[in-house]
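Colleague: Hi! I'd like to get to know this structure a bit. Could you walk me through it?

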Amino acid sequence: MGRKKKVTGALRICSIDAKDLYISEHYIDESKRGYRLQRPDGTWNYKRFTNSLDYSLDVIKMQEVYGTVNHYEAIKFPFSFTDGYNNYTTQVINTTYKYSVKSFNRINLDTYVKFGYYPNDIEITDCIGRDKAGNIVAVTANQDVMHPVEQLPKGFIYIRHEGDALGHYEETSSMPTLVTTKELREWLYVNGFNVDGVHFVRFKRSSGSARRGVCNFINQQLYSRMNEWAKCGLDIREGMPLDLCSYDAYIALTSSSIIGTIQLDPKSILMIDDYHSVFKCDVMATEETPDHHYVTNKKQIERDNSIWDGQSLLDSSVYGEYSDHCMLLLRNRFFKSACFQTNIQKFFEDNGITDISQLNGQTFATDIHDIKMITTPSSIKYCKFGTFKQWVENIDSTWGVVKYEKFPKYMNGKKSACHYQLMQTLQMTFDETKEFIEPTLKYIVALRDDPAVLREHLKFSRYKDGSMIGAADKNEVVYNLMMLNDRFTKTKVYADFVNDLVRHQYNEAKVARIVVNGLYATLFGNGLEMLKASIGKFDGTSELGSGNSHCTRFEYGKTLIGTRSPHVTPSCVWLTNNVKQDEYDRYFNLTPAIVCINSIGESTLDRLSGADFDSDVVLLMDDDILVKAAQKNYDKFSISTSLVSSSKIKRSYSLQQMAESDYRTAKNHIGEIVNLAARLNSILMHNMNNGQSFEDNIEIYKDSCTLNAQSGVEIDSAKKAFTVDNGAELKAIREKYNFRNDDDKDWKPYFFKHIDTQKGFFIKDLREYRYLDCTMDYIQEIIASFNVRSRKMSKLSSEPISYVLDKSKYSKDSVNKRQVKNVVEILRKLKSDRSAIFQQQIDDKDAKRLLLDRVTYDATYELSQMNFNYSTSYYLIMQLCENPDWSDIGKIGFYMLLSLPGTGFYQVFDQSHDGVMCVEESADDYDSEYFGITFRHYMSDTGEKCEGDFDFTKPVDDILCCIKHKSCAKRGQKCTRS
């Protein structure tokens, strides 16, 4: 029943903070200098590999370069090695810049060592370490001190609280800083560093890495050839004036994670000019003042839309194994483009194009049938530094496939989920909100009360991306047990699982993860016009027409609502009329997850938060309630438009300039911007719901638009330079609204209480959460009053696990007690290791996840090496589920053992294989309905329809009726009104 995850192409790499690397290069004892990852016995501590180097065109090239270089000169370590689950490499190291170098630096939880001293050479006695001259060079804090010293180094104090027999040392804020994080970055970039005798130099940082402030370094022996390959024939030399932000971002395009490759001859590319649609429109414009601040006002402007920005047309003959998809996001050196599956040759034939000379653009193809891609300079970043001819001559015919369009995960790919950023910008009434959320609440009740519905839900919720070998995939385990027979659904284990699932669904609904008829559709901009431009027949006219779109997923003639993240301001709501367009269906092999849009003569791209066409997606829905809510104020909220342009900061190609550029980019505020905007939008909707006009709240809306422009600046900061200080502008907006109550507590709209709690930020004594008349707070009221968890499954399913076990083959004497002891030790160690990781102050979520994966894999691997007999398996399942002394490891142990590949734990369960009740979609003979999809109940063994009343959501109607009495709901009281 278990499954084994394939080893992926991603490589685990070490992540080291610059502080630690700098310290290791400055030990007084020069023989100790250099950072050490390898243990003295030559083995590796896999827990140190907390970052990943994605499988990419860079990695493919790096392996080739490694083989060539290593042929001529010995490289100390192999390119990669494996532990059987993960692949690792020490040829690339990730660096972070979180901490400055102090006079004394913490080396573990409580011990501080003086800068320049090697920790292993210091002997600590009574929390103090000294050198040969008697100077204090180490201090252990927060531990009892028997004989406190009188003269502590600056930065430490001795504290003994009243009533305590002993005191302890503590670090203070007066600890001197020797090297700042900015200085550390420049030092590392210029000088590099040594790890286990290998010298590393700065390599690359992607746009995402730049915003997080991290950078990859590479083994110096590989750098020269990798850098020449990355430059793709460009003559970039030390000290040369250069648009450094853009260059750094573009050479890193080949480091993007890829899922595979395709072959395409560069000579088969036709490059046409980009087209800019210029038109006048009234907008809420955000601009930069002469003294570098933001100002937002309504004005008429001349807008310029690049209608094919970042997209290409790719002939269907190239798709191969990806033929079921329309969009492929491709990478090559200095190339990034969303390519849409096109019948290029059919279009040429229909328009009488038989010769290369009839094409409108540049190509090095010699035959019309050789044209496989149509693109523009917006996708070929090389055109910013060199010519199209140079690029074609230098790039490879192997192209990386980053991703393709995706379908929703809900209801077998038919439904998607909304989000709070959109809901907070829609002016909905309490009753409209209740009506919108009702189907989701009914579905949660059905999950709780109808095992057949839960079976269908779990069928499409198993095998989530990223789950590891033998990981405790609860959904898979429960689904397998539920398919054996119905007995498992009577157990407490099942009840606990359902309660956890319902709690998760309940919490998802609280943050507006409400199921809707929709999907995240990839934007395809004026594709037919792009085809016509390739043969010189595009005259600037839109084929779709203003206000229209074409998506095969939805009924034609319907008004759709769309939103793209980050959704910061109310004007980012997009309404579009879905129309039939035969020519699009003839020349493009569209899937339902593609939406063809128009940006000629209309502000579609600004509506969609500054979208372009390099694989941007829009959450597209046809929900009538949301559409109606959006229409209320659609024309009131002038479209937020950023006129803030990047500055022309003069930089040169040097390591010092790279350090300065990366330091500035690392200060990212996107999360703060989105959260502050949500607070302002809550106030705006509250005021308008209480009778105030839009004009009364124009200043709030202007500030919301300013935040929208700031979000664009943050997103572009990795490849563009800006002069406005976003942090200072954010502070000014916060101070303008003074989110402090009379007790000087920070106050937020009530829905933030749930978000803060989920993220671990909820501090009762420091914050106040206020109910406002806004959609997100209505959702909190409705869900709190609904209280779907009031009838827990434990009241319905409480049988012990023995109820579903087959005891006929069990023998107490056959239980392998040594194995039982080992299993308990492994599970308790895993629980302890996981707790320790959660308690560590690790800001990088990916790094924390990798650490958790590592300890889970270690435990899983040990368990999988044991060969359990029937009686031992039976005993372990019984003890994990019913022995109170095992309660600390019961849940994790149960799911982990049943996830093990090939260990046979399922054999101890009753294998009667009686038919179980399931549901399937049925348009005619149905007995229940969820989210507009009708289902019928049937028996799995016979396929026969089940008779009965399967509407488990009838009580929901009464509760929802009660909720409409808002005052009762707000107080959480039972409504006594009829």
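Colleague: What kind of model is it, and how are residues numbered?

Modeller: It is a predicted model, where local features need pLDDT of at least 70, side-chain atom pairs count only at pLDDT 80 or more, and totals for chains, interfaces and linings use all residues. Residues are numbered from 1 along each chain as its sequence is written, and side-chain values use heavy atoms, with hydrogens and water left out.

Colleague: How many cavities of 30 Å³ or more are there?

Modeller: The count comes to six. A cavity here is a set of points on a 1 Å grid, over the protein atoms alone, where a 1.4 Å probe fits but cannot get out. Volume is the space filled by probe spheres set on the points, which are joined across faces, edges and corners.

Colleague: How much space lies in the largest cavity?

Modeller: About 80 Å³. Its lining includes Thr425, Arg607, Tyr634 and Met685, where lining residues have an atom within 4 Å of a point.

Colleague: Which helix gives the most to that lining?

Modeller: Helix H17, residues 624-633, with three residues. Helices (H or I, at least four residues) and strands (E, at least two) are DSSP runs, numbered from the N terminus.

Colleague: And what sort of residues make up the lining of the largest cavity?

Modeller: Eight are nonpolar, three polar and one charged. Ala, Val, Leu, Ile, Met, Phe, Trp, Tyr, Cys and Pro count as nonpolar, Asp, Glu, Lys and Arg as charged, and the others, Gly among them, as polar.

Colleague: New topic: is leucine 605 buried or exposed?

Modeller: Leucine 605 counts as buried because its relative accessibility is 8%. Buried means under 20% relative accessible area, exposed over 50%, and partly exposed in between (1.4 Å probe, protein chains only). Leucine 605 sits in helix H16, residues 604-607.

Colleague: What does leucine 605 touch?

Modeller: Leaving out residues up to four places away in sequence, leucine 605 touches Asn305, Ser306, Ser599, Gly610, Ala611 and Phe613. Contact means heavy atoms within 4.5 Å.

Colleague: Let's do sheets. What is the strand order in the open sheet of three strands?

Modeller: The order is S22-S21-S36, with mixed pairing. Strands S22 (294-306) and S36 (639-642) are at the edges with a single partner strand each, so one side of each has no neighbour in the sheet. Two strands pair if DSSP finds at least two bridges between them.

Colleague: How do S21 and S36 pair?

Modeller: S21, residues 276-288, pairs with S36 in the parallel sense over four bridges. Alanine 285, for instance, has threonine 641 in S36 as its bridge partner.

Colleague: And which strands is S32 joined to?

Modeller: S32 runs antiparallel to strand S33 (residues 574-578), with four bridges, and antiparallel to strand S35 (residues 617-621), with three. Threonine 559 is partnered by asparagine 577 in S33, while isoleucine 561 stands opposite methionine 621 in S35. Four of the five residues of S32 (559-563) are buried.

Colleague: Last one: how many residues of helix H12 are buried?

Modeller: Nine of the eleven residues in H12 (474-484) are buried, among them Tyr479 and Leu484. The cover over those buried residues includes helices H11 (451-459), H13 (492-510) and H27 (890-899).

Key:
1 Å grid on protein atoms, 1.4 Å probe; cavity = no way out; pocket = protein on both sides within 12 Å on 5 of 7 lines; lining within 4 Å.
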